[in-house]
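Please work through the exercises below with the sequence and the model open side by side. Each task is followed by a solution in steps.

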Protein chains: 2
Amino acid sequence: MIRISIVDDKISNRVIIKDKLARNPFFNVVLEAIDGEDFLTQLKALPDDDKPHMVLMDLEMPNVDGVTAIASASSLYPDIKFVVLTIFDDDDKVFRAIRAGACGYLLKEESSQAITDMLMNLWESGAGPISPSIAYKILQMVQQPVGVKNKKEENENIFQLSEREKEILQLLSQGLEYKEIGAKIFISPNTVKKHCISIYQKLHVNSKAQALRIAYTKGLI
Amino acid sequence: MIRISIVDDKISNRVIIKDKLARNPFFNVVLEAIDGEDFLTQLKALPDDDKPHMVLMDLEMPNVDGVTAIASASSLYPDIKFVVLTIFDDDDKVFRAIRAGACGYLLKEESSQAITDMLMNLWESGAGPISPSIAYKILQMVQQPVGVKNKKEENENIFQLSEREKEILQLLSQGLEYKEIGAKIFISPNTVKKHCISIYQKLHVNSKAQALRIAYTKGLI
DNA sequence: ATAAATACTATCCAAACGGAGTATCGGAAA
DNA sequence: TTTCCGATACTCCGTTTGGATAGTATTTAT
């Protein structure tokens, strides 16, 4: 039984997707969320043994968007496969979603059969599902790296950390504690702590170690 | 009428491919070559109006290999589409071929129908054909650029961490706390803490964050 | 101009952490 | 055989951290 999670802000979309999956009894939708925030909260609360194997993620959502949710969750739960399922094939979004950790990118217009086939294939062989038109876009991106801006520049904004927070995260990664950071940039250790907690909230984690994990794996530092 | 060129060092392969294409009368094989050298020479000699629209290129060839041939020819004749058609899906070759200018990458094992469909699609929409398994490899390359592969092997012993300690460090990097790690590997949280302190001593640090910094930057995890 | 972020400061509390010490057990090396 | 070491487990103690809450100043946006 493959546990699936569906994240989409529109109830109608979720129902459609569920119907498409329902044709195959191996799929079991264990979690539905209306946006990235909702998803991350629900996922965290779920026991490990009940966590979904795969997540079908829309990109256009309020609060926390799909890319950010994938970036957080794929660091926190590396075993979960994230498949973007959207109606758009916007180049930039494709790129950012994949960098964030998506292992597949499907268009909603794909047939029910095609989608379930691809998901089964992901389950069995680990090969991520990719719509042909998306595959071609990826290829083009590899061929001519559009903006040669490095991956740090591209990633450091997806969590919407403030300048100060990025600075703190940088110092945190050096293994400094609150009071050391405070002394270094001439602010109170209390303030440093407040910044850290803000960072944790934006990264959807609750400890230094987890924050650093995301920072390192997503190239924020 | 789509003019096609086939480059493969084995006559049998060329025949097989020609047969597959023959099912669609739109394809007209105008050039056959046995290696990159042969291909480039013949191509140069061909009048512009007779030059192929698409080239199906094997990679494993004597003299000038497929990647080199694509790199040269795609610069000289930008309008020609190069599709790699091979039996291997070697990561490095895929990557180099695409960088060289290949716009598609098909496996020979694909069905005749699939290949002709993909080529027709390339002709009509300009979207390059990509076998699903190849598309997934490309996606992985985009996700984690190669380069630091064996670093872990080389470095994981320089700090003389015991197996257990490496295991603990690995779990630490996932942001787990003592009790969580203890529960995961069935030992007491106290023991986990003891291991951590041993790790700190060997790494000459005195906090989780500093240990993780070394672990990440030295490729221990 | 008013609202909304952002930066900064502060305090309280419970939990987690780090450091040091002690001790048992089993295997490997002396 | 004795010694050494890794893994295990525990306690005591002081420090650090995460979380919640609350407030002010400054900048930014509408």
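The exercises that follow concern a predicted model and treat its sheets, its helix packing and its DNA surfaces in turn.

**Exercise 1. Overview of chain A**

Task: State how many helices and strands chain A has, and what share of its residues is buried.

Solution. 
Step 1. Chain A contains 11 helices and 5 strands.
Step 2. Of its 221 residues, 42% are buried.
Step 3. Among contacts in chain A with a separation of 6 or more, 67% join residues 24 or more positions apart.

**Exercise 2. The sheet of chain A**

Task: Determine the strand order of the open sheet in chain A, and identify which strands are its edge strands.

Solution. 
Step 1. The 5 strands of this open sheet follow the order S2-S1-S3-S4-S5, with parallel pairing.
Step 2. Strand S2 (27–33) and strand S5 (104–107) of chain A are the edge strands, and each pairs on one side only.
Step 3. From one strand to the next, the twist averages 25°.
Step 4. Within the sheet, strand S1 (residues 2–7) and strand S3 (residues 54–57) of chain A pair in the parallel sense over 4 bridges. A:Ile4 is placed opposite A:Met54 in S3(A).
Step 5. Helix H5 (residues 112–125) of chain A packs on the sheet and touches S1, S3, strand S4 (81–86) and S5 of chain A. The direction of H5 makes about 170° with that of S5(A).

**Exercise 3. Strand S4 in the sheet of chain B**

Solution. 
Step 1. Begin with the sheet: chain B has an open sheet of 5 strands in the order S2-S1-S3-S4-S5, with parallel pairing. Strand S2 (27–33) and strand S5 (104–107) of chain B each have a single partner strand, so one side of each is left without a neighbour in the sheet.
Step 2. Find the partners of S4(B).
Step 3. Locate individual residues. B:Met57 has B:Val84 in S4(B) as its bridge partner. B:Val83 stands opposite B:Gly104 in S5(B), and B:Leu85 has B:Leu106 in S5(B) as its bridge partner.
Step 4. Examine the two faces. B:Lys81, B:Val83 and B:Leu85 on one side are all buried, as are B:Phe82, B:Val84 and B:Thr86 on the other.

**Exercise 4. Two helix pairs**

Task: Describe the packing of H9(A) with H10(A) and that of H8(B) with H11(B).

Solution. 
Step 1. Recall that a pair of packed helices is described by the angle between the axes and the distance between them.
Step 2. The axes of helix H9 (residues 178–185) of chain A and H10(A) come within 8 Å and cross at roughly 110°. H9(A) is therefore roughly perpendicular to H10(A).
Step 3. In this contact, A:Tyr178, A:Lys179, A:Ile181 and A:Gly182 of H9(A) meet A:Pro189, A:Thr191, A:Val192 and A:Lys193 of H10(A). The contact residues comprise 4 nonpolar, 2 polar and 2 charged.
Step 4. For the second pair, the axes of H8(B) and helix H11 (residues 208–217) of chain B come within 10 Å and cross at roughly 105°. H8(B) is therefore roughly perpendicular to H11(B).
Step 5. Here B:Leu169, B:Leu172 and B:Ser173 of H8(B) meet B:Lys208, B:Ala211, B:Leu212 and B:Ala215 of H11(B). By class, these are 5 nonpolar, 1 polar and 1 charged.

**Exercise 5. The DNA surfaces**

Task: Identify which helix gives the most residues to the surface near DNA strand D, and which to the surface near DNA strand C.

Solution. 
Step 1. Of the 19 residues around DNA strand D, the nearest are A:Glu177, A:Asn206, B:Ser162, B:Arg164 and B:Ile187. Two or more residues come from each of helix H10 (189–203) of chain A and helix H8 (163–173) and helix H10 (189–203) of chain B.
Step 2. H10(A) gives the most to this surface, with 5 residues. The surface near DNA strand D has 5 nonpolar, 6 polar and 8 charged residues.
Step 3. Of the 19 residues around DNA strand C, the nearest are A:Ser162, A:Arg164, A:Ile187, A:Thr191 and B:Asn206. Helix H8 (163–173) and H10 of chain A, together with H10 of chain B, each supply at least two residues.
Step 4. H10(B) gives the most to the surface near DNA strand C, with 5 residues.

Terms used: Residues are numbered from 1 along each chain as its sequence is written. Chains are lettered from A and ligands numbered from 1 in the order in which they are written. This is a predicted model: local features need pLDDT of at least 70, side-chain atom pairs count only at pLDDT 80 or more; totals for chains, interfaces and linings use all residues. A residue is buried if 20 or more other C-beta atoms lie within 10 Å of its own, exposed if 12 or fewer, and partly exposed in between; C-beta atoms are placed from the backbone. Two residues are in contact if their C-beta atoms, placed from the backbone, lie within 7 Å. A residue is near a molecule or strand if its C-beta atom, placed from the backbone, lies within 6 Å of it. Ala, Val, Leu, Ile, Met, Phe, Trp, Tyr, Cys and Pro count as nonpolar, Asp, Glu, Lys and Arg as charged, and the others, Gly among them, as polar. Axes are lines fitted to C-alpha atoms, for helices over the stretch in contact, and angles run from 0 to 180 degrees between N-to-C directions. Angles under 35 degrees count as roughly parallel, over 145 as roughly antiparallel, 65 to 115 as roughly perpendicular and the rest as oblique. Two strands pair if DSSP finds at least two bridges between them.
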